[in-house]
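Let's take a friendly walk through this structure.

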Amino acid sequence: MMRVAVDGVGGDYAPKEIVKGCIEASKARKDIEILLIGPRDLLERELQAQGASANSQIQIYHAPEIITNEDKPVHAVRNKKDSSIVMGLNLLNEGEVDAFISAGNTGALLAGSLFNVGRICGIDRPAIASPYLTKKGMSILVDAGANAECKPRNLLEFGVMGSIYVEKVFDRSNPSIGLVNIGSEVGKGNQLIKESYELFSNSNLNFYGNLEAREIPKGHVDVIVCDGFVGNVILKLTEGVASTLMSMLKEKLQNGIINKLAGAMLISSFKEVKKSFDYAEYGGAPLLGINKTVIKIHGNSDARAVKNAILQAKVFIEKQVNQIISEEIKKIGVEQNEK
């Protein structure tokens, strides 16, 4: 039986959607035990409101404090010892649970993971591996916001970890890796990218080469590598453009009888496209490089995203992703960490 701890009060729609997702996951898999972490009274009321209660498969672990998105991450982790994030990570570090999932404060989750759980030996900077939906399906973007400044060695580590994650969890052999750059030609970019390009070229990874931003949505590669500053900008810009385009299209199709008729005829196609670009289908974003399984889900995650993140955690553990990352990092050595 695998035990997964879930932050019951993290995210925009907690605790309702978090609890609902846990209930759905427990129905889907009887071999997963879920530990809901947060204020006991609040979580018990929500379970009852959804026609459920604490049982052998869903249990409540009392954590009276909550880290909000307004809290400063490091300060919150150090001072809110009884928060759902800190207590969940402590349980993970102590081996009481096999994975921890949260839709809460990203900075606090990352800081707590580093302080309370630790890094895989040889990893300099853990990274957020976020699903990035493309024309061809799903790619993984590493790093999606954990590290604003990086060294070439860090980007190589991101490529190694992202490749292993995609291969093991999403069953893709020999995943391709692209390095985000301002041009596709060799020699383009700043010093970080030039030196990173050389490291990737000399590795045994399936290196596609430089990847311009306009090429990312086309799905040319399985793993998109960049520093966390660039990665977070890419994600936020993509979300904003997609949302704006959908809003503009909806507005146009509601303007006039002919457009309304055309919209009605195309509604099934729109739904299919929307589903294919729904991040909730893929669960969450693991913190690659952390010694144990930590998964960050989007702040506005619904029950389906929570459920899929729980199922994703099970695959992540069963496929021994962290163990394989550790073995691969040892192969490339740690001597370049000082570069």
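Does Tyr197 count as buried or exposed? At 19% relative accessibility, Tyr197 counts as buried (buried means under 20% relative accessible area, exposed over 50%, partly exposed in between, with a 1.4 Å probe and protein chains only).

## Ground rules

This is a predicted model, where local features need pLDDT of at least 70 and side-chain atom pairs count only at pLDDT 80 or more, while totals for chains, interfaces and linings use all residues. Residues are numbered from 1 along each chain as its sequence is written, and side-chain values use heavy atoms, with hydrogens and water left out.

## Aromatic pairs

Rings of Phe, Tyr and Trp (its six-membered ring) pair if their centres lie within 6.5 Å; planes under 30 degrees apart count as stacked, over 60 as edge-to-face and the rest as tilted. That rule gives four aromatic pairs. In one of them, Tyr165 and Phe316 have ring centres 5.9 Å apart and planes at 50°, so the pair is tilted. Tyr165 sits in helix 6 (residues 152–169) and Phe316 in helix 10 (residues 303–318), so the pair ties together parts 151 residues apart in sequence. Helices (H or I, at least four residues) and strands (E, at least two) are DSSP runs, numbered from the N terminus. Tyr165 and Phe316 are both buried.

Back to Tyr197: its ring and that of Phe207 have centres 5.1 Å apart and planes at 75°, so this pair is edge-to-face. Tyr197 belongs to helix 7 (residues 191–201) and Phe207 to strand 8 (residues 206–212), 10 residues apart. Phe207, at 18% relative accessibility, counts as buried too.

## Nonpolar cores

A nonpolar core is a set of buried Ala, Val, Leu, Ile, Met, Phe, Trp, Tyr and Cys residues joined through side-chain atoms within 4.5 Å. The largest one has 37 residues, and Leu89 and Ile224 have the most contacts inside it. Its largest share, six residues, comes from helix 4. There's also a second, separate core of 35 residues, with Ala129, Ile164, Leu179 and Ile329 among them.

What is Ile224 in contact with, leaving aside its neighbours within four places in sequence? The list includes Tyr132, Ser139, Ile140, Val180 and Leu211 (contact means heavy atoms within 4.5 Å).
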